[in-house]
Amino acid sequence: MDTPATDSDAPRGDLPATAVVMPVYNEATVVRRVIAELVGLGLTVIAVDDGSSDDSRSEIDAAGAIRVSHPINLGQGGALQTGFEAALRFTDAKYIATFDADGQHQAQDLLGMIARAQDGYDVVLGSRFLDGKTEMSGLRRLILKTATKVLNRRSSTKLTDAHNGLRLMSRDVVARIDLAHMGMAHASELEQVLTQSDFRVTEYPVHILYTDYSRSKGQPLLNSVNILVDILFHRVSTWSRR
């Protein structure tokens, strides 16, 4: 992995065609605002409504995204795989990003990641630990750093952050992704694909906003513990198949 960029990077010239895959499950409260900001920047948003029971579908449509809907909830891994396939089929995007629907990711961080990718990278992964801007408890930080160490043990590319949902990948990279895990275990599976290959990978400092709303949607401390357990489970299941 090459030296990470700083958040002073900005896209140079015309923004390359970029599709943003956004899993959505009952995010009617905030999803229109999140999508509209990305669309306003010239990005194509593919929102995968993963069986929502609220007004997420109408909010997605009103915000100007391409909507793909699951009749039932498949989990974030299933939604991402559907989004990847839609991005490849319905757009000619050079880059494809993943972006959360709950407002915790920052559009300006994604623009910086696109600029970084234009330096020749196949994969740019967001990291909460490169600039210290993301506020979190000491216990959460410890758990996430432990999870990252476990992830790195069998990875050729060493990361500073595990399970960061803000990612940017080239079209060719996405075409090689075939997620088998539908739920949260997809994250370990995806990181393994991206970091144990011949891809040119780097990290980029991102600022995650842990708001009351995002915490209520799955960002409590327990979720950090679940990330660590997920990585351990994925490692054991991977080893058992060898």
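Tutor: Contact here means heavy atoms within 4.5 Å, and a helix is a DSSP run of H or I with at least four residues, numbered from the N terminus. This is a predicted model, where local features need pLDDT of at least 70 and side-chain atom pairs pLDDT 80 or more, while totals for chains, interfaces and linings use all residues. Residues are numbered from 1 along each chain, and side-chain values use heavy atoms, leaving out hydrogens and water.

Student: Which residues of H1 meet H2?

Tutor: Let's look at both sides of the contact. H2 brings Ser56, Glu59, Ile60, Ala62 and Ala63. Facing them from H1 are Val31, Arg32, Ile35, Ala36 and Val39.

Student: How many residues of this contact are nonpolar?

Tutor: Ala, Val, Leu, Ile, Met, Phe, Trp, Tyr, Cys and Pro count as nonpolar, Asp, Glu, Lys and Arg as charged, and the others as polar. The contact of H1 with H2 has 2 charged residues and 1 polar. The nonpolar ones number 7.

Student: Is H1 roughly parallel or roughly antiparallel to H2?

Tutor: The axes (lines fitted to C-alpha atoms over the stretch in contact) run N-to-C, with angles from 0 to 180 degrees. Those of H1 (residues 31–40) and H2 (residues 56–63) come within 8 Å and cross at roughly 25 degrees. Angles under 35 degrees count as roughly parallel and over 145 as roughly antiparallel. The crossing therefore makes H1, relative to H2, roughly parallel.

Student: What is the volume of the largest cavity?

Tutor: A cavity is a set of points on a 1 Å grid where a 1.4 Å probe fits but cannot get out, and lining residues have an atom within 4 Å of a point. The largest cavity is lined by Leu125, Gly126, Leu159, Asp161, Asn164, Glu191 and Glu203; 2 are nonpolar, 2 polar and 3 charged. Its volume, the space filled by probe spheres set on the points, is about 30 Å³.

Key
Helices (H or I, at least four residues) and strands (E, at least two) are DSSP runs, numbered from the N terminus. Angles under 35 degrees count as roughly parallel, over 145 as roughly antiparallel, 65 to 115 as roughly perpendicular and the rest as oblique. On a 1 Å grid over the protein atoms alone, a cavity is a set of points where a 1.4 Å probe fits but cannot get out, and a pocket is an open set with protein on both sides within 12 Å along at least five of seven lines; lining residues have an atom within 4 Å of a point.
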